[in-house]
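Have the side chains on display.

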Amino acid sequence: MKAVRVGEYGGPDVLKVEEIPLPVPGAGQFLLKVIACGINPLDAWFRSGHFAARFNRTLPYTPGTDVVGTVVEQGEGADLFAVGDTIMGVLPVLSDGGYAEYTVIDQERVTAVPVGLDPIQAAAAMTPAITGVQMVEKALSLGPCERMLIIGALGGVGRAAVVTALAHGVSVAVAVRSGREGAARALGVHQIVTNNDIDQPDALGNAFDVVLDLVGPDQVALWERAIAADGKVVSVVPLQPAASARTDVTFTPFAFSPSAESTQSVATMLRDGTLTVPDIEVLALGETGKAHAVLPAKAAGRKFVVMPAR
């Protein structure tokens, strides 16, 4: 089969399409013919070697965790779905992934693609949406929250976070760049703030119980004066701001934990229209470097999906 391989750490040019053996499903696994695979910032961080010191990853490997595919073979004991079923799931980050014509996945990680849900939408949304949902749930588990500020609300993670927080009855404010107010307004949030408001935190009420950081600690530092006393920051980046004047604010890093149940929840929200995804650009296997060239920080609101048959 054809697959994108990373044989060495480096820039997007290290992504090479190669012919490799078809994977064989083990016990409790399905062999999938990949329909679509989401391309995430995490893929770029691994490819660059950013995580090399933290994770002992064997080279070469195939990137891609968010897969939608058709079952073509069942491993021993893999009986939750049958050959011909279309399923979706999130692969372990250190496994060979979905930038390929075929991949294998454990049955406890997958759920059916609901009738009416576009596989491209499903592949685009999985990790971002599950992250957004679970970050809000983590924040709410830390204590009462009446007002939440979400930094980075217009991406896939942020959209899911907004939907989830609103569903829990939280008053949601979002911080966006000037000029993006219209896109933020479409999310149905209670308040929109921009970089023009950073120097006027008192006008914001000085009462955000939680800041949900989907961008990085430097952005949190800009808004820290608007956090309520004994407030909380839940961040997708496991780094605290280098300098902070708020010793009363609790910083909590987020730990991603996908499951079949969380994937099913996201799939249902997508099918029902409760959750939307940013603009999607579909790429062929040989074009994945185009996405990696702008990830993780310069995608400008786009989401990339690779389709091996394209």
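Which residue forms a salt bridge with Lys-290, and how far apart are the closest N and O atoms? The partner is Glu-281, with the closest N and O atoms 2.5 Å apart. A salt bridge here is a side-chain nitrogen of Lys or Arg within 4 Å of a carboxyl oxygen of Asp or Glu.

A word on the ground rules: this is a predicted model, where local features need pLDDT of at least 70, side-chain atom pairs count only at pLDDT 80 or more, and totals for chains, interfaces and linings use all residues. Numbering runs from 1 along each chain as its sequence is written, and side-chain values use heavy atoms, leaving out hydrogens and water.

The whole structure has 5 salt bridges, including these:

| Pair | N to O distance |
|---|---|
| Arg-5 and Asp-96 | 3.3 Å |
| Lys-290 and Glu-281 | 2.5 Å |
| Arg-302 and Glu-281 | 3.3 Å |

Glu-281, Lys-290 and Arg-302 are linked in a network. Glu-281 is buried, with a relative accessible area of 18%, while Lys-290 is partly exposed at 45% and Arg-302 partly exposed at 33%. (Buried means under 20% relative accessible area, exposed over 50%, partly exposed in between, using a 1.4 Å probe and protein chains only.) Elsewhere, Arg-5 is buried at 10%, and Asp-96 is partly exposed at 40%.

Now for the helix. In α3, the buried residues include Val-157, Ala-161 and Ala-165. Just after α3, Gly-169 takes a positive phi of about 80°. Helices are DSSP runs (H or I, at least four residues), numbered from the N terminus.

Note on methods: Helices (H or I, at least four residues) and strands (E, at least two) are DSSP runs, numbered from the N terminus.
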